[in-house]
Amino acid sequence: MIKRNKKFVWVLLSLMVMSLWLAACGNNTSNQAANNAATNAPTESAAPTEAPTEKTLTDSLGHEVTVPANPQRIIASYLEDHLVALGIKPVAQWSVPNGIQDYLKDSLADVPHIGFDLPFEAVTSFEPDLILMAYDSNVEGDKFDQYSKIAPTYTIGDKLTADWRGALLKIGEVVGKSEEAQKALEAYDTKAKEAKEKLQGVAAGESAAALWVIQDKFYIVSDKLSSGDLLYNQLGLAVPAVVKEISETGTGNWNAISLEKLAELDADHLFLVNSGTGTDSKALSDPIWKNIPAVKNGKLYQYPSTSSWLYAGTIAYSQVIDDVLESIVK
C-alpha cells in the first residue's frame with residue numbers, strides 16, 4: 001500500500017513538472033509571436049518631403065540670387081551652346097544685326113531672336129523665369145537691378161565664361177542639371193580622344209593653324225584659346241612658330257596678323273574662316289597669300305563665318321572636330 005502511494009505521488013509530481021514545462025514553452029511561444037507581431041507591424045510612414053521650388057546661389061559678382069529649382073523660361077544670351085548641351089531650349093536666342101549663332105540652328109530653329117545687348121523691354125516681353133548673363137558688363141551700373149526686377153538674374157562672369165568647361169558646369173548647377181553637364185563633358189572628351197587617335201594615325205607631328213579673314217583683315221587663333229585650344233591641346237596637332245609668336249603678345253582668342261607675317265606661316269594644314277565679302281576675296285587673291293606653303297600644297301580648308309569655328313562649347317567644338325577629321329583624315 002505504501003509502495004502504491006509512493007508510485008502515485010511520483011507520477012503526480014512528474015505530471016506537474018511536465019505541465020509547468022509545457023506552460024513555460026507556451027508562454028515563450030506566445031512571447032515570441034507577440035515580438036514578431038510587434039516587429040512586423042506596419043509603422044506610420046513619415047510625410048513625404050516636398051522638393052524645394054527654389055534655391056539661393058551666389059553669382060560671380062557676389063550677388064545672392066534666388067533662382068527657380070527647375071526654370072522653364074530661360075534667357076542666356078551667348079550661352080546657348082551650353083543650354084543645348086543640357087537639353088534646354090531658351091525662350092530667346094542671342095543675335096546681332098548681321099546674324100545669329102548659325103551652327104546651333106538645328107536645335108534653335110524655332111527660337112525667336114533677341115538683341116545681344118538685351119533691351120529691357122525685349123527681355124520683359126519673353127517673360128523669363130531666369131536670366132543668365134555671360135559677362136560682367138551685361139549688368140554694369142544699375143542694369144543688374146533692372147534685370148532682377150524682370151526675373152532672377154545670375155551672372156556667370158568674364159573669367160568663367162572664358163572657361164567653357166567651367167561655364168557649362170556652373171550653368172548645370174544653376175539650372176539643376178549638374179549630372180547632365182558632367183555627362184555632356186564626358187561624351188565630348190570621348191569624341192576628342194578618338195579624334196586625336198585618328199589624327200595621330202595619319203598626321204602625326206604635322207602642324208595646323210586657324211585663320212579668320214573679315215573685311216580684308218586677317219586674324220590668327222591663339223594657341224591656348226578658342227579653336228586653338230582644340231587644335232593643339234585636345235587634338236595634338238603641332239603649333240607653328242608664327243602662331244606661338246603671335247600668341248605670346250596677343251590678348252584675344254583671335255589676334256590680328258599682317259599678310260606679310262602670314263608669308264612666314266609654315267603650317268602643314270590651314271583652316272580658314274572666310275566671312276565671304278568682296279574685299280575678303282581680294283585679300284585671298286594676293287600673291288603673298290597664294291605662296292603660303294599650305295595654300296600652295298592644297299592643304300587649305302575653308303569654312304563660312306556661320307560655322308562653329310569662332311565659338312566654344314561642347315556643341316561648337318564637336319562640329320570643329322568633324323571639320324578637322326573630314327579635312328585631314330578623309
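User: Leaving aside its neighbours within four places in sequence, which residues is Leu-83 in contact with?

Analyst: This is a predicted model, where local features need pLDDT of at least 70, side-chain atom pairs count only at pLDDT 80 or more, and totals for chains, interfaces and linings use all residues. Residues are numbered from 1 along each chain as its sequence is written, and side-chain values use heavy atoms, with hydrogens and water left out. Contact means heavy atoms within 4.5 Å. With neighbours within four places set aside, the contacts of Leu-83 are Ile-74, Ala-76, Ile-88, Pro-90 and Ile-171.

User: Is Leu-83 buried or exposed?

Analyst: Leu-83 sits in helix H2. Buried means under 20% relative accessible area, exposed over 50%, and partly exposed in between (1.4 Å probe, protein chains only). The relative accessible area of Leu-83 is 0%, so the residue is buried.

User: What separates the C-alpha atoms of Leu-83 and Ile-171?

Analyst: Ile-171 is among the contacts of Leu-83. Along the chain the two are 88 residues apart, yet their C-alpha atoms are separated by 8.0 Å.

User: How many helices and strands are in the protein?

Analyst: Both are DSSP runs, numbered from the N terminus: helices are H or I with at least four residues, strands are E with at least two. By that count the protein has 15 helices and 13 strands.

User: What is the volume of the largest pocket?

Analyst: A pocket is found on a 1 Å grid over the protein atoms alone: it is an open set of points where a 1.4 Å probe fits, with protein on both sides within 12 Å along at least five of seven lines. Grid points are joined across faces, edges and corners, and the volume is the space filled by probe spheres set on the points. For the largest pocket, this comes to about 970 Å³.

User: Which residues lie nearest the centre of the largest pocket?

Analyst: Lining residues have an atom within 4 Å of a point. The lining of the largest pocket has 36 residues. Nearest the centre lie Tyr-78, Trp-94, Trp-212, Leu-310 and Tyr-311.

User: Which element supplies the largest share of the lining of the largest pocket?

Analyst: Elements that each supply at least two lining residues include helix H2 (80–85), strand S9 (208–214) and helix H9 (226–234). The largest share is three residues, and it comes from H6.

User: By class, what does the lining of the largest pocket have?

Analyst: Ala, Val, Leu, Ile, Met, Phe, Trp, Tyr, Cys and Pro count as nonpolar; Asp, Glu, Lys and Arg as charged; the others, Gly among them, as polar. The lining has 17 nonpolar, 13 polar and six charged residues.

User: How many aromatic pairs does the count come to?

Analyst: Rings of Phe, Tyr and Trp (its six-membered ring) pair if their centres lie within 6.5 Å; planes under 30 degrees apart count as stacked, over 60 as edge-to-face, and the rest as tilted. By this rule the count is 14.

User: What class is the pair of Tyr-78 and Tyr-311?

Analyst: The ring centres of Tyr-78 and Tyr-311 are 6.1 Å apart. Their planes stand at 50 degrees, so the pair is tilted.

User: How many residues apart in sequence are the parts that Tyr-78 and Tyr-311 tie together?

Analyst: Tyr-78 lies in the loop between strand S3 (74–75) and H2, and Tyr-311 in the loop between strand S13 (300–304) and helix H15 (314–329). Tyr-78 is partly exposed at 30% relative accessibility, whereas Tyr-311 is buried at 12%. The pair therefore ties together parts whose separation in sequence, in residues, is 233.

User: Which residues form one aromatic cluster with Tyr-78?

Analyst: Tyr-78 pairs with Tyr-311 in a tilted arrangement. Its cluster also takes in others; besides Tyr-78, the members are Trp-94, Tyr-103, Tyr-135 and Tyr-311.

User: How many of the nine residues of H9 are buried?

Analyst: The buried residues of H9 are Ser-226, Ser-227, Gly-228, Asp-229, Leu-230, Leu-231, Tyr-232 and Gln-234. H9 is largely enclosed by the rest of the structure because its buried residues number eight.

User: What is the phi of Glu-127?

Analyst: Glu-127 is in the loop between helix H4 (120–125) and strand S7 (130–133). Glu-127 is exposed, with a relative accessible area of 57%. Its phi is positive, in a residue other than glycine, and near 50 degrees.

User: What is the phi of Gln-215?

Analyst: Gln-215 is in the loop between S9 and strand S10 (217–221). At 56% relative accessibility, Gln-215 counts as exposed. Although Gln-215 is not a glycine, its phi is positive, at about 55 degrees.
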